[in-house]
Amino acid sequence: MENLSIGCASWQIRIWKAPPDPLIQSQAANDFDELVVTNNDVVLKNIAEDLRNRLPMEAMFNSEHQAVQKIHQHPLPMIHVDAFLYDDDFVDSLCEEGKMSRNYCTECGSYKTASLEFISHSFSLMELKFLYHHVLPDLTGKVVVDVGSRLGAVLFAGYLYSSASQLYGVEMNADFCQLQEMMVTKYQFIDRIKVVHADICTQASLLQKADVVVMNNVFEYFLDRQEQARAWEFVACNVTKRGSLLVTVPSLTESLSKVQTDIQLGQWVEEMQLNYDVYVEKDVDREALVQIHLYKIL
């Protein structure tokens, strides 16, 4: 009710306000969430651009002797294309410019070609969003450890897409540690991200306190078989906090089938079922998503 006086007369003007429409409020909240997510996407893409400008196109350093050698020894032609730095559209544009090819000639001088096999040691933007929005639960107050953090994609996405209290990247290559530190400083992530230059087999206490451990193609291309077995044994002995989570690419079964260990998966972890069809867009690479596996520590 509002009173309005003019001269001697007193007028009462009744103002009616409609109650807030819950549907409109919900839509506004969704629009805001979408705006925030979009802004976070932009930040990650800016980081990727910064990293591209500091790396050769194959995103590998000469210091990665063993990984380079293993890629060259692959029975079929393979190239390393970092999925965080180069999405499919970017690769297409590079192919159009003649800077990259998706195919190789099976017989020199002929028209017989076959598809090159691409390998990435980083998650793509889509895979990172799937990881933090659909694979992992609310991470408020939790500690995330990325084993072999490389370019830091898991750390940066965790900072932007989750409320994890601390994100640790353990990386034994000094060149990649330096790159990660540069991005952490430039984008002011220093309050929640810490890069550890070390072999994961020296980080027992860090693994023991982790609530989430992420391992993406972490050992196969960087260690020989004996070292891989030692590293997996160390991880299994120290990632033991009951109820904590382990994310791997590929599956533990596939990774451990290539080395000899005494690890009993059924006594260590329980695999959690994931919904790989949460994205309905036609351009989603479902084949990449199904390589992501989630385990709960028993």
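Which residues does Gln-203 touch, not counting residues up to four places away in sequence? I will come to that after a word on the model. This is a predicted model, in which local features need pLDDT of at least 70 and side-chain atom pairs count only at pLDDT 80 or more, while totals for chains, interfaces and linings use all residues. Residues are numbered from 1 along each chain as its sequence is written, and side-chain values use heavy atoms, with hydrogens and water left out.

Now Gln-203. The residues in question are Val-170, Val-196, Ala-198 and Phe-234, where contact means heavy atoms within 4.5 Å. Gln-203 sits in the loop between S9 and helix H7, residues 204-209. Helices (H or I, at least four residues) and strands (E, at least two) are DSSP runs, numbered from the N terminus. With a relative accessible area of 16%, Gln-203 is buried. Buried means under 20% relative accessible area, exposed over 50%, and partly exposed in between, with a 1.4 Å probe and protein chains only.

Next, the sheet. An open sheet of 7 strands runs in the order S9-S8-S7-S10-S11-S13-S12, with mixed pairing. Two strands pair if DSSP finds at least two bridges between them. At the edges are S9 and strand S12 (269-272), each of which pairs on one side only. On average, neighbouring strands of this sheet are turned by 20° against each other, direction ignored. S12 and strand S13 (residues 293-297) run antiparallel and are joined by 4 bridges. In one of these places, Glu-271 has Tyr-295 in S13 as its bridge partner. Helix H6 packs on the sheet and touches strand S8 (166-171) and S9; the direction of H6 makes about 165° with that of S9. For these angles, axes are lines fitted to C-alpha atoms, for helices over the stretch in contact, and the values run from 0 to 180 degrees between N-to-C directions.

On to the aromatics. The structure holds 6 aromatic pairs. Rings of Phe, Tyr and Trp (its six-membered ring) pair if their centres lie within 6.5 Å; planes under 30 degrees apart count as stacked, over 60 as edge-to-face and the rest as tilted. Phe-156 and Phe-189 have ring centres 5.8 Å apart and planes at 35°, so this pair is tilted. Phe-156 belongs to helix H5 (residues 153-161) and Phe-189 to the loop between helix H6 (174-186) and strand S9 (193-197), so the pair ties together parts that are 33 residues apart in sequence. Both Phe-156 and Phe-189 are buried. Tyr-187 and Phe-189 have ring centres 6.1 Å apart with planes at 25°, so that pair is stacked. Phe-189 has 3% relative accessibility. One aromatic cluster is formed by Phe-156, Tyr-159, Tyr-187 and Phe-189. Over the face of Tyr-159 lies Arg-192, at 4.3 Å from the ring centre. The criterion there is NZ of Lys or CZ of Arg within 6 Å of the ring centre and within 35 degrees of the ring normal.

What about H5 as a whole: how many of its residues are buried? The count is 9 of 9, so to speak mostly covered by definition of burial. In H5, the buried residues include Leu-155, Gly-158 and Tyr-161.

That leads to the nonpolar cores. A nonpolar core is a set of buried Ala, Val, Leu, Ile, Met, Phe, Trp, Tyr and Cys residues joined through side-chain atoms within 4.5 Å. Of the 51 residues in the largest one, Tyr-132 and Leu-136 touch the most other members. Elements giving two or more residues to this core include helix H1 (22-52), helix H4 (125-135), strand S10 (212-216) and strand S11 (245-249). H5 gives the largest share, 8 residues. Leaving aside neighbours within four places in sequence, Leu-136 is in contact with Leu-131, Val-212, Leu-245, Val-247 and Leu-294. Another core lies apart from this one; it has 33 residues, among them Val-145, Val-196, Leu-252 and Val-269.

Last, the backbone. Most residues other than glycine have a negative phi, and most peptide bonds are trans. Val-249 and Pro-250 are joined by a cis peptide bond, with omega about -5°. Pro-250 lies in the loop between S11 and helix H9 (252-256). Arg-150 has a positive phi, near 55°, and its place is in the loop between strand S7 (143-147) and H5. Gln-188 also has a phi near 55°, and lies in the loop between H6 and S9. Which of the two is buried and which is exposed? Arg-150 is buried, at a relative accessible area of 4%, whereas Gln-188 is exposed, at 64%.
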